[in-house]
Structure formats: structure tokens, C-alpha cells
Amino acid sequence: MAKPAQGAKYRGSVRDFPNFDPSQDAETLYNAMKGFGSDKEAILELITSRSNRQRQEICQNYKSLYGKDLIADLKYELTGKFERLIVGLMRPPAYGDAKEIKDAISGIGTDEKCLIEILASRTNEQIHQLVAAYKDAYERDLEADITGDTSGHFRKMLVVLLQGTREEDDIVSEDLVQQDVQDLYEAGELKWGTDEAQFIYILGNRSKQHLRLVFDEYLKTTGKPIEASIRGELSGDFEKLMLAVVKCIRSTAEYFAERLFKAMKGLGTRDNTLIRIMVSRSELDMLDIREIFRTKYEKSLYSMIKNDTSGEYKKALLKLCGGDDDAAGQFFPEAAQVAYQMWELSAVARVELKGTVHPAGDFNPDADAKALRKAMKGLGTDEDTIIDIIAHRSNAQRQQIRQTFKSHFGRDLMADLKSELSGDLARLILGLMMPPAHYDAKQLKKAMEGAGTDEKALIEILATRTNAEIQAINEAYKEDYHKSLEDALSSDTSGHFKRILISLATGNREEGGEDRERAREDAQVAAEILEIADTTSGDKSSLETRFMVILCTRSYPHLRRVFQEFVKMTNYDVEHTIKKEMSGDVRDVFVAIVQSVKNKPLFFADKLYKSMKGAGTDEKTLTRIMVSRSEIDLLNIRREFIEKYDKSLHQAIEGDTSGHFLKALLAICGGED
């Protein structure tokens, strides 16, 4: 087992058992398997609470005492998934990896996902141990076996990774970083076809520290993350392998958290993957994986295993997991500091926001107005032409078309579209035709009219718009409905929720940078109101008001610093703490603000995903976000969507909508990732 770097904290969930007695343990296991049936509880309790080193000693003592092979006896006594898990724990790590790879390339077909997971994630030392273990166990050459079972660029990259020669120094040359960025860009985006050899050489050999800087610079230089270029330029198993390498360079623990989530989500469980990861990471980084899992998926790894497995198999997996993190938001101290460093990096990263709808280059409002009139004249409607024009013009151009349409035909284009189109397509096209502020004003009005209030729509709009956008919405609301937005919110909401919405609707958020001293004070207020501070310096009511003022009026850069200080001060994440300590609409609006500050495109990606997952589609939310973000950050939203959900927004829309509504949404989406 690879040891943690000197000075690094141990992050495994399984440790050496104190007062370890291998002879006593061997006897306990012998007795548990003696006679008719076996005591599975005793077997799992003992084996999951010993380190791998200790298990090897137990194996030796078992053979010395009873002249029998412990692994053979366990295989005989146990069955199914539980047997695979327990036997997996008994093998030394390198031999476990060797067995997984042997199984992946034996028989008909190859388990490419297993090859990718192991070879993309292991350190140089682990790779060298794996190659030696494979030779020892099977008297075969691992490179020769993999070469014989794979092909093309996928094979070439696997062979490079098998050398275990990734650079390991932490000294990074800025010139070489720039050179690698240029080489990758020229090998992919700037080249007709792709120079795969450059991707293989750079991603297969450079140090992790170097590559992290390359990825940062690549984003700044090209405007897109390296993952987007890999998806666009590579394909098949080679693409999957390169994406896995990038994920492991960024964070091996996050890569495994994602693999575990995918192994258990949806119908059925990918038990081989689940077993392999829980066994192989139990003495390396299981605590980090657990922390990232809870932060990323808003549930603990423990609870997902508990709900997805059963019997002794479940009990053994939960022991390897090492604990339940369902006190949502509580960081391990080490992980809190990692989160803090990630905040530090995100604060300096400036990602350019890009929409998917741009002004048409050869714009001719006269021709567009005539084409639209023709599409709606006479019997039937030519929806394809309407979609083609409106979805491929900017909002400013659509306003020119409206004006030209009225000048030419003395008719209101909006009224004509309303009478010719219906349902979801009508809502989408009419939304695109409205100026953004008037569209948002209308969505707010609809959220408040009739029986009941659509609090989610109110929160989504008011928690995410800039000061300028909020001011424009106020003016549009007054103009269109002859009533102030504040009065409308006052009469339709109540209590703290009303106060928060009205505060957001004033559009008075500060627009400067951060103030570190003030950020520490603000973080202290947040800790006190969320009841995790050591001391309290004020009454509850006054603290609630101060907390609202902080979240509703501080600038985004300042709030990012507040959240960083909050983690540093408390070892908690502010978002998860709000979810745990608050409830109802107040909780929802505060969470929306925090998510928007952290990563606004990801906030909208989550909303889009939820609008389409499960039975039925929330067409109103889907339409509102696609319309309102199309010229602001929909391209960024697309990137966050595929990164988090492993499928493109284009694919999600395609699988969940139909007809002309689908065609119009895909036109706005602007492409497949």
C-alpha cells in the first residue's frame, strides 16, 4: 500500500487494528468457518477492521496453524458479491489491481472502464508494483497482454501510463506550461483532424502540478476547458481514458466519488466497480472521497450504500466507508482546508461568460419580417421558418424585426405569433421576442398571480440577476403592470421571505471587490446565525437581519471571501449548513444566493437538469432558463451540465422534449458537446 507523503495526514478509513494478534485472528476466522455454515458476521467484522498489512499476517498465521489457504477457505464458505468483497480485501493492493486487470482482459470482450479506472488513477509506484504483481501472479507480461487486447490511440495511451514514468517534481516551468498549452491547442482546435500523439505525450508524462497549471492556462487562452477540447477532438475509449486522466490530475478523490455515484445511481448497481473502489481506496483517500461525495451529491456515501445494497455485503461496505456524513455540511478539518484552497483558486479564476445566441451577421430586418409574415399567412403555419429566424437572431435584432413588421404590415408581430402558435412552442417563441427585462417582469407577475405563488420562479430570477438587470426589471414591471414590483411582492409574500425578496428586488448589491477584515466579521455573523459559532454577540432578530443584509447586498467577490472565511473559521460549508439549519422558502432563497455566488452557470445547469429528470418535464422552468440565459452564459451552463451529469444539455433536451418545441430549444442550445 502506498504510504502518504511525509507530513501528510492519513486519509484512509481503515487503520491498523490496535493490540493486533494475528494468531488469535486466524483462530477466530477458522472457528467462524468450521462446521456447517459460516459466521459471516464474525468474518466481516474482523476482516474490515484490520489493515491490509495485518490481513497478510493473518493469512500467514492461518497457513502455519491449520495448513490451509485462508483465501481458498473464504472462497469456499462465502458466495456472490460478499465473497468478492471479502476476498478482494485479503489480496495485497497490487495483486488486487492485477486480478482486476486480468479479469478485464480475459474472455470475450474487454472491460475498458476497469482498465481506464486503474491505469488513469494510480501513482508511478503503484503502477510499478502492479506490473510486478501481474508478472508474479500470472507469469505473463502486463504490457504484452494489454497490447494484445486493445488497439489504436487507446492502446498507445495505456502503454504510456503502464510505464509509470510521470514526472513527479513540484518545480514547474512557466515557459513549458505555455508551450504545452500551445501544443495542445495546435494539436486539436487549430488542426484539421487531431494530432493525438501530442495529447498522449503531454497528458501521459507531465507532472500533476504542471498539468493543473496547463489546464488553467488552456482555459484562459482558448476560452474553453481542456475537457471540452478532448470531447470535441477525441472519441470512443480513447476519449474516455483521456477524460479520466484529466479528472485524476485535477482530483483523484473527486474522480472516485463520481465513479461511486454512477455505480449506484439509477436502476441496478455496478457491484464490481463499487467493490473495486471501496477496497482499493479504503487505506488511501476514502475520507476525501466521502467529503467530496457529500459536497457534490448532497448525500453521504454511507447513506447511498445503505439504500443501494443489502445483507452482509452492505454491512462490510459500510465498515469500509468508515462513517456517515449525514450531518450535511460538516467538513473533516483537512478537507475543509482543501475546500478553502479551492475557493482561493476559484476567486482568481476569471471565466468568460458566453451565450449561445449571437447577432446574425447578415441581418436584414426587412427580409426577416417578410419571411415571418409569409410563414403565418394563409392556411397552416410554417413553424420551421419561424424557429429558424427567431432562434438565430439576438434580442436586439428581434426588436428591430418587430418594428419593421409593424411598419410594413400594420400588424403586431407578437399578436400574430400568439394566434398562430400554441403550447410550449408559443411560450418559448414569445419569450424570445420580449426584451429581457420585460420577459423577467412577466415571469415574476405570472409567479404571483392566481391561487398560490411560484416561489421557485421568484427565487430563481431575483437571486441571480445583476443590479442593472434588477433595475431594468423594476422599470419594465411598472411600465407593463402599473404597479411597483416591491408592492406586488409585499402583497403576495410574507415574513422573512418577503423581506429577503424585497431586499433583492431593490438591486442594491455592492459592486466592489472584497474586504478581508469585513469578510471575517460577516463570516462570524453567518456562524452565529447558523448556530455553529463558539460565541454569540447579539440577539437572534438582529443577527437574522445582518445575515440577510450580508447575503443580499454584499458583492459577489466579497461573498466568495466570506464563504472562504466561514470554512476556515468553522470547518463547515455555508451552503450545506443553511440547508441543515434553515427551512422553507427562506432556506431556498439563501441557498440560491450562495449557489449563484459560487458558480452561477452551475446553478442554472442544476435547475435545467431537475426540470427534465424523472417523469414529466417542467417546461416552464426549462423555457424560462433557456430564454433568459441564451445571450448571457448558456454556453457556460452547457459545460457545467455535461461536467456534472455526464451527458450534454443537447442530449437531455432531445430525450425529454419533442416536435417544434424540441427543434427551437436545440437551436437556442447552440450545439452538441
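Modeller: Buried means under 20% relative accessible area, exposed means over 50%, and partly exposed is what lies in between (1.4 Å probe, protein chains only). This is a predicted model, in which local features need pLDDT of at least 70 and side-chain atom pairs count only at pLDDT 80 or more, while totals for chains, interfaces and linings use all residues. Residues are numbered from 1 along each chain as its sequence is written, and side-chain values use heavy atoms, with hydrogens and water left out.

Colleague: Why is arginine 53 called partly exposed?

Modeller: Its relative accessible area is 48%. That value falls between under 20% and over 50%, so arginine 53 is partly exposed. Arginine 53 lies in helix H3, residues 52-66; helices are DSSP runs of H or I with at least four residues, numbered from the N terminus. The C-alpha atoms of arginine 53 and lysine 135 are separated by 21 Å, the two residues being 82 residues apart along the chain.

Colleague: What makes glutamate 125 partly exposed?

Modeller: Glutamate 125 has 45% relative accessibility, which puts it in the partly exposed class. Its place is in helix H8, residues 124-138.

Colleague: What makes aspartate 103 and lysine 99 a salt bridge?

Modeller: A salt bridge is a side-chain nitrogen of Lys or Arg within 4 Å of a carboxyl oxygen of Asp or Glu. The closest N and O atoms of this pair are 2.7 Å apart, so the pair meets the definition. A search of the whole structure finds 46 salt bridges.

Colleague: Where do aspartate 103 and lysine 99 lie?

Modeller: Both are in helix H6, residues 93-105, and they sit four residues apart, about one turn of the helix. An α-helix has 3.6 residues a turn, so residues three or four places apart point the same way. Aspartate 103 is partly exposed at 43%, and lysine 99 is partly exposed at 24%.

Colleague: How do you know that arginine 518 and glutamate 510 form a salt bridge?

Modeller: Their closest N and O atoms are 3.0 Å apart. The limit is within 4 Å, so the pair counts. Arginine 518 is partly exposed with 28% relative accessibility, and glutamate 510 is partly exposed with 31%.

Colleague: What makes aspartate 606 and lysine 644 a salt bridge?

Modeller: Their side chains meet at 3.1 Å, N to O. The pair links distant parts of the chain: aspartate 606 is in helix H36 (residues 584-612) and lysine 644 is in helix H38 (residues 634-645), 38 residues apart.

Colleague: Are aspartate 606 and lysine 644 buried or exposed?

Modeller: Aspartate 606 has 11% relative accessibility and counts as buried. Lysine 644 has 19%, which is under 20%, so lysine 644 counts as buried. Elsewhere, salt bridges that share partners join Glu100, Glu117, Arg259 and Arg276 into one network.

Colleague: Which residues of helix H20 are buried?

Modeller: In H20, residues 311-321, the buried residues are Tyr313, Ala316, Leu317, Leu318, Leu320 and Cys321. They pack against helices H2 (40-47), H5 (80-90), H17 (271-281), H18 (286-297) and H19 (301-308), where contact means heavy atoms within 4.5 Å. Glycine 322 follows H20, and its phi is positive, near 90 degrees.

Colleague: Which residues are buried in helix H31?

Modeller: In H31, residues 495-505, the buried residues include Phe497, Ile500 and Leu501. Glycine 507 follows H31, with a positive phi near 65 degrees.

How values were computed:
Helix = DSSP H or I, 4+ residues; strand = E, 2+ residues; numbered from the N terminus.
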